[in-house]
Amino acid sequence: MQSWLILFCAGIAEIAWVVGLKYSAGFTKLAPSVFTIAALGVSMGLLGLATRALPIGSAYAVWTGIGAVGAAIAGLLLFGESANPLRLLCIALIIAGVAGLKFSTPG
């Protein structure tokens, strides 16, 4: 259970660095760039810790799924990206896939 919590935190850090990447404007703004690089390091470090106990395939898929869904939601809320029904359905499918991997993987 602790490994899943670590993996969840790694996914949150992934969302942070992806959003930071947008604010860094291609690494042309110093503070957002430093934040982005730090969040990336935290995300990778936590992913590495989680994979000590979790299968790499499941851990990586869940990590990227959390990041993808979080980035998509951040895009909707922070950057005014499209919330059309097909896009929302696809986000829901990613969530279903992440949940399925979590519940079908021991650890």
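An angle between two axes counts as roughly parallel under 35 degrees, roughly antiparallel over 145, roughly perpendicular from 65 to 115, and oblique for the rest. The model is a predicted one, in which local features need pLDDT of at least 70 and side-chain atom pairs count only at pLDDT 80 or more, while totals for chains, interfaces and linings use all residues. Residues are numbered from 1 along each chain as its sequence is written, and side-chain values use heavy atoms, with hydrogens and water left out.

**First selection: helix α3**

Select residues 56-79, which form helix α3. Helices here are DSSP runs of H or I with at least four residues, strands are runs of E with at least two, and both are numbered from the N terminus. The expected span of a helix is 1.5 Å times one less than its number of residues. For the 24 residues of α3 the span should therefore be 34 Å, and the end C-alpha atoms, 32 Å apart, agree with this.

Next, colour the buried positions of α3, among them S58, V62, W63, I66 and V69. Buried means under 20% relative accessible area, exposed means over 50%, and partly exposed lies in between, with a 1.4 Å probe and protein chains only. The buried residues of α3 pack against α1 (2-23), α2 (30-50) and α4 (85-104). Just after α3, select G80, which takes a positive phi of about 65°.

Two packed helices are described by the angle between their axes and the distance between the axes. Axes are lines fitted to C-alpha atoms, for helices over the stretch in contact, and angles run from 0 to 180 degrees between N-to-C directions. The axes of α2 and α3 come within 10 Å and cross at roughly 150°. The two helices are therefore roughly antiparallel to each other.

Which residues meet where α2 and α3 are in contact? Show S43, M44 and L47 in α2 together with A59, Y60 and W63 in α3. Contact means heavy atoms within 4.5 Å. By class, this contact has 5 nonpolar residues, 1 polar residue and no charged residues. Ala, Val, Leu, Ile, Met, Phe, Trp, Tyr, Cys and Pro count as nonpolar, Asp, Glu, Lys and Arg as charged, and the others, Gly among them, as polar.

Now centre on S43 in helix α2. Is S43 buried or exposed? S43 is buried, because its relative accessible area is 0%. Leaving aside neighbours within four places in sequence, S43 is in contact with A10, A13, E14, W17 and W63.

Move to L21 in helix α1, which counts as partly exposed at 33% relative accessibility. Beyond its neighbours within four places in sequence, L21 is in contact with G26, F27 and T36. L21 and S33 are 12 residues apart in sequence and 7.0 Å apart in space, C-alpha to C-alpha.

Then select A25 and F27. A25 is found in the loop between α1 and α2, and F27 lies in the loop between α1 and α2 as well. Although A25 is not a glycine, its phi is positive, at about 55°. F27, a residue other than glycine, has a positive phi near 65°. A25 counts as partly exposed at 37% relative accessibility, and F27 counts as partly exposed at 46%.

**Final selection: A53**

A53 is placed in the loop between α2 and α3 and counts as partly exposed at 49% relative accessibility.
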